[in-house]
Amino acid sequence: MSAPDAVPSVLPRLVPTPAAYRDAAPRRPVSRFRALAAIWHHRSGTPHFEGTTLTWRRRLNFQLVRAQRLACRPRVRGYPLILTIDARNACNLRCPHCMTGAAKRSRVAASFPPALFERLMAELGDHLLLVEFGNWGEPLLAPALPALIASAARRGIGTMVATHLSVPLDAARAEALVASGLTVLGAAADGATQESYARYRRGGSLDLVLANLELLERTKRRLRSPTPRLVWSFHVFAHNVHQIEQAQAAAARLGIQFSVSKGFVTGPDWDPENRWPFHFEAQPGHPVEPCHFLWERAVVSHDGGVAPCLGAFYPEDDYGRFGDGSFRAAWNGARFQAARRLHRRRQLADVAPALICAGCPQTRLLHDYREHRAAGGSEASYRPALSSHDGWNYFFARRPPGVATADAGG
C-alpha cells in the first residue's frame, strides 16, 4: 500500500488548504523584502494541524518556509513542516496500482531505525507540525511503530498512520498504538464486501480490517483515550462506486469517521469526467503555486535517503542523504537547490533532466500557468492541462537513469 493512495482522504483535515495559502500570501515570486514581510503580516494565517502544539518556533518556521516557497528560494532557511517516513517499506498486500504492490524493485526492505528517527527528532522536532509513518509500505509491519509515534507525540507533534489494517492485531498491540499518542489512523478499505474489497486490496481481508477497527475503538474506550481518530478511508474505483453508501453505513455502526476519495490507477483514468476529483487536483480558475514538497515536506527513507516527494520511489531519485551530517545540509544540497530553481526558470529542465522534478506534471503546470498569465490570460480563464492522474502515471512509469528495469521479475 502506498501513502499517495491512502493519505489524501485523511490529510486535508490536518494540512492548511491551498486556498488558505492563497488568501494569506503573495501569488507570484516576490522580493526578499516582501517574502520576509509576509512572515509578520497579520493576515499571514495560522496553521492548523490536529494534535500539534503550536509553539512560537513552529509558527515562525511555518511562515518563514511558506514565504520562501512562494518566492521559490533555492536555499531553505527554515525546516520542513511535515516529515514522512516509511516505518516499514514493505507490504503484505499486492495492490496493483502501488509501486510496492506491483513488486517494483527499489530499496532493501527494512524498518525505520529508531536511532535515525531520534536524530531527526533532535534536529527537526521543535519545528515539525506533522509526522506521517507510511509511504510505500505498511507501517503496522514495523515492530517499533508505537515507540516512533510516542517519540514524536512527546514533542507535541501531530502524528498520522495510513494503513490498510489487514494485519493481525492483538490486544497488546492495539493498546500500544492507542497509548502511543497517535493522532489519526486512516484505514484504507475500498469495498463493503470481500469480493469488491479484494479487487484492489489483493491478499487482504475486509473482516480482519473491521475486527481491528472494532478492537481499536474498544481499546480507546477502555483507556479513555480520545485518540487516535479512526477513519475508514474508502478509495473509489469503477468496481466499488456502488458500495459507498453500504460502507458508510458500516462505518457508522462502528462509530468511526468515513471518508471518500478517488483511487489512483495507472493507464487511462477510470473517471475522466472527474465526478470524483482528487484532493490535490489543480482547479480551473485558480493559480498554480510552487510544489510544497520541495520547501515544506521532507521524505526520509530507512537508509537515510532524502527524497523530493512522496512520488519518488527509487533511491536514484533521492536528492540528498541524512547520514553523519545535519539534515539541513542534505535539505539544501545541490540537487534540492537545482530542483527549486526549476520552479523559477523553465529552461533549467533542459540542463537537469535527471531530476525527477524536471518532468513532473506539477512543475510543468506551474510554468504553463505563468506563461498563461504573461500572455495576458486571467486567473479565472486558466484551465490546467494536466491532472493528478497524469502525475500518478508519471511516477509509476518513471525509470531513473541507471535503473534499466524495476520489476521484480525483470
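**View 1. Gly203 and its contacts in the predicted model.** Set aside the neighbours within four places in sequence, and Gly203 is in contact with Leu93 and Arg94. This is a predicted model, as are all the views that follow. You'll find Gly203 in the loop between helix 8 (194-197) and helix 9 (206-223). Gly203 counts as exposed, at 54% relative accessibility. Ser166 is 37 residues away along the chain, and the C-alpha atoms of Gly203 and Ser166 are separated by 8.8 Å.

**View 2. The whole protein, for orientation.** Let's step back before the next close-ups. The protein has 15 helices and 9 strands. Of its 410 residues, 58% are buried. Take the contacts with a separation of 6 or more: 74% of them are between residues 24 or more positions apart. The accessible surface comes to about 16800 Å², and carbon and sulfur atoms account for 54% of that.

View 3. The 9 strands form an open sheet with mixed pairing, and their order is 6-5-4-3-2-1-7-8-9. The edges are strand 6 and strand 9; each has a single partner strand, so one side of each is left without a neighbour in the sheet.

View 4. How many of the residues of strand 4 (residues 184-188) are buried? The count is 5 of the 5, so strand 4 is largely enclosed by the rest of the structure. Val184, Gly186 and Ala188 point one way from the strand, Leu185 and Ala187 point the other way, and all are buried. Strand 3 (residues 158-163) pairs with strand 4 in the parallel sense over 4 bridges, and in strand 4 the bridge partner of Ala162 is Gly186. To get from strand 3 to strand 4, the chain passes through helix 7 (residues 171-179) in a right-handed β-α-β crossover. Strand 4 also pairs with strand 5, again in the parallel sense, over 5 bridges. There, Leu185 stands opposite Leu230 in strand 5.

View 5. His235 has Ser261 as its bridge partner in strand 6. Together with helix 10 (residues 244-254), strand 5 and strand 6 make a right-handed β-α-β unit. Now for the side chains: the structure holds 15 aromatic pairs, and one of them is formed by Phe234 and Phe258, a tilted pair at 5.8 Å centre to centre with 50° between the planes. Because Phe234 lies in strand 5 (residues 229-236) and Phe258 in strand 6 (residues 257-262), the pair ties together parts that are 24 residues apart in sequence. Phe234 is buried, with a relative accessible area of 0%. Phe258 counts as buried too, at 16% relative accessibility.

**View 6. Tyr319 and Phe336, an edge-to-face pair.** The rings of Tyr319 and Phe336 are 5.2 Å apart centre to centre, with 85° between the planes, which makes this pair edge-to-face. Tyr319 is in the loop between strand 8 (305-307) and strand 9 (320-321), while Phe336 is in helix 13 (residues 334-342); the pair, 17 residues apart, links distant parts of the chain.

**View 7. A cluster of rings.** Which residues do ring pairs link into a cluster? They are Trp136, Phe264, Phe313, Tyr314 and Trp392.

**View 8. Charges over rings, and His127.** Lys262 lies over the face of Trp270, at 5.9 Å from the ring centre. Over at Tyr79, the charged end of Arg328 sits above the ring, 4.4 Å from its centre. Tyr79 also turns up among the residues that His127 touches: not counting residues up to four places away in sequence, these are Arg57, Arg58, Asn61, Tyr79 and Pro80. His127 itself lies in the loop between helix 5 (114-124) and strand 2 (130-132). At 17% relative accessibility, His127 falls under the 20% cut-off and so counts as buried.

Key: Residues are numbered from 1 along each chain as its sequence is written. This is a predicted model: local features need pLDDT of at least 70, side-chain atom pairs count only at pLDDT 80 or more; totals for chains, interfaces and linings use all residues. Side-chain values use heavy atoms; hydrogens and water are left out. Helices (H or I, at least four residues) and strands (E, at least two) are DSSP runs, numbered from the N terminus. Buried means under 20% relative accessible area, exposed over 50%, partly exposed in between (1.4 Å probe, protein chains only). Contact means heavy atoms within 4.5 Å. Accessible areas come from the Shrake-Rupley method with a 1.4 Å probe; for residues, only the protein chains shown count as cover. Rings of Phe, Tyr and Trp (its six-membered ring) pair if their centres lie within 6.5 Å; planes under 30 degrees apart count as stacked, over 60 as edge-to-face and the rest as tilted. A charge sits over a ring if NZ of Lys or CZ of Arg is within 6 Å of the ring centre and within 35 degrees of the ring normal. Two strands pair if DSSP finds at least two bridges between them. A crossover is right-handed if, with the strands pointing away from the viewer, the path from the first strand over the helix to the second runs clockwise.
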